[in-house]
Amino acid sequence: MAVLCAVLVLWSAACRERGLRRARLLFADGVRSAPWVASGWDRARARLRREWLCMPAAAVIALLGGSMLPLLVGALAVPLLGRRLRAADAARKQRQRTDAVITLCGAVAGELRAGRQPGEALLAAGRGSGALGEAEAAVLAAARFGGDVPDALRRAAREPGAGGLVGVAACWRVSVDGGAGLASGLDGLESALRAERDQRADLRAELAGARSTVLVLALLPVGGLLLGTALGADPLWTLLHTPAGLCCLLAGGVLETAGLFWAGQIVRAGEDA
């Protein structure tokens, strides 16, 4: 039944994709005019595909071991894996927003040097850049109609990864109130944000080795089970159907979880520092 449910889930996702592709071909303008429809389906389908892959794997292990315990563990792993994947997606979008803010600073400075007024430069560089996020309409409206652009930029900076917009708002306020050059201020801000981004990228590269080590250590028990099976033993049956095996399985699961949590805390402490 678990394998059948997994097949039905994957089949329904494929049918949705074919229907969405057909809709794009037949009603291209209408689909583009409502991008939230396609993006919503794509996000839901991606989360469904990645998270629910735990169930087919658990079903295979349950069939090999002749026990329902792997199915229970797989069902419990689905929400945990989903939360982890959503956190990774949020971190990726945050990095993309940070890159978009840096690009926005350089683009606005370039438009100003080309002879445009600050409002026109922000309108030309900010539309569709992705740096302003959900507050893009408010910021562009303030730039177009002479509103409070620094305040709108500070509100846009509350979104994850858009903290650099606070510096853009400060440069804008200083240039308006004090008469300082906005282009030079944005150039300095772009350099500072780029240096900070590069520093974080170097730190992630240095921590990649630690993450790989954690992953290898976490997969060692799986290698032990495969090795035992190759030698002619039946480790799955021992773990799932004997009292000693169940005790070993419980103790190993607790130690594995504690080790992963501890290693993750060490890596996150290095990133925060």
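**Entry 1: a pocket**

I started with the second largest pocket, which holds about 230 Å³ of space. I'm working with a predicted model here. What lines the second largest pocket? I listed Ala90, Lys93, Gln94, Gln96, Arg97, Gly133, Glu134, Glu159 and Pro160. Sorting that lining by class gave me 4 charged, 3 polar and 2 nonpolar residues.

**Entry 2: helix 5 and helix 6**

Next I looked up how helix 5 (residues 69–113) packs on helix 6 (residues 118–126). Their axes are 8 Å apart, and the angle is about 135°. That angle makes helix 5 oblique to helix 6, because only angles over 145 degrees count as roughly antiparallel. I also noted that helix 5 and helix 6 have a right-handed crossing.

Which residues of the two helices meet? From helix 5 I wrote down Leu104, Ala107, Val108, Glu111 and Leu112. On the helix 6 side they meet Pro118, Ala121, Leu122, Ala124, Ala125 and Gly126. By class, this contact has 9 nonpolar residues, 1 polar and 1 charged.

**Entry 3: helix 6 and helix 7**

Then I followed helix 6 to helix 7 (residues 136–145), where the axes come within 8 Å and cross at roughly 150°. So helix 6 is roughly antiparallel to helix 7. I put this crossing down as left-handed.

For the contact, helix 6 brings Gly119, Leu122, Leu123 and Gly126. Helix 7 brings Glu136, Val139, Leu140, Ala143 and Arg144. How many residues of each class did I find in the contact of helix 6 with helix 7? I got 5 nonpolar, 2 polar and 2 charged.

Definitions and conventions:
Residues numbered from 1 in each chain as written. Predicted model: local features only at pLDDT ≥ 70, side-chain atom pairs only at ≥ 80, totals over all residues. Heavy atoms only, no water. 1 Å grid on protein atoms, 1.4 Å probe; cavity = no way out; pocket = protein on both sides within 12 Å on 5 of 7 lines; lining within 4 Å. Points joined across faces, edges and corners; volume = space filled by probe spheres on them. Nonpolar A, V, L, I, M, F, W, Y, C, P; charged D, E, K, R; others polar. Axes fitted to C-alpha atoms, helices over the stretch in contact; angles between N-to-C directions. Helix = DSSP H or I, 4+ residues; strand = E, 2+ residues; numbered from the N terminus. Parallel < 35°, antiparallel > 145°, perpendicular 65-115°, else oblique. Left-handed = near helix turned anticlockwise from the far one by under 90°. Contact = heavy atoms within 4.5 Å.
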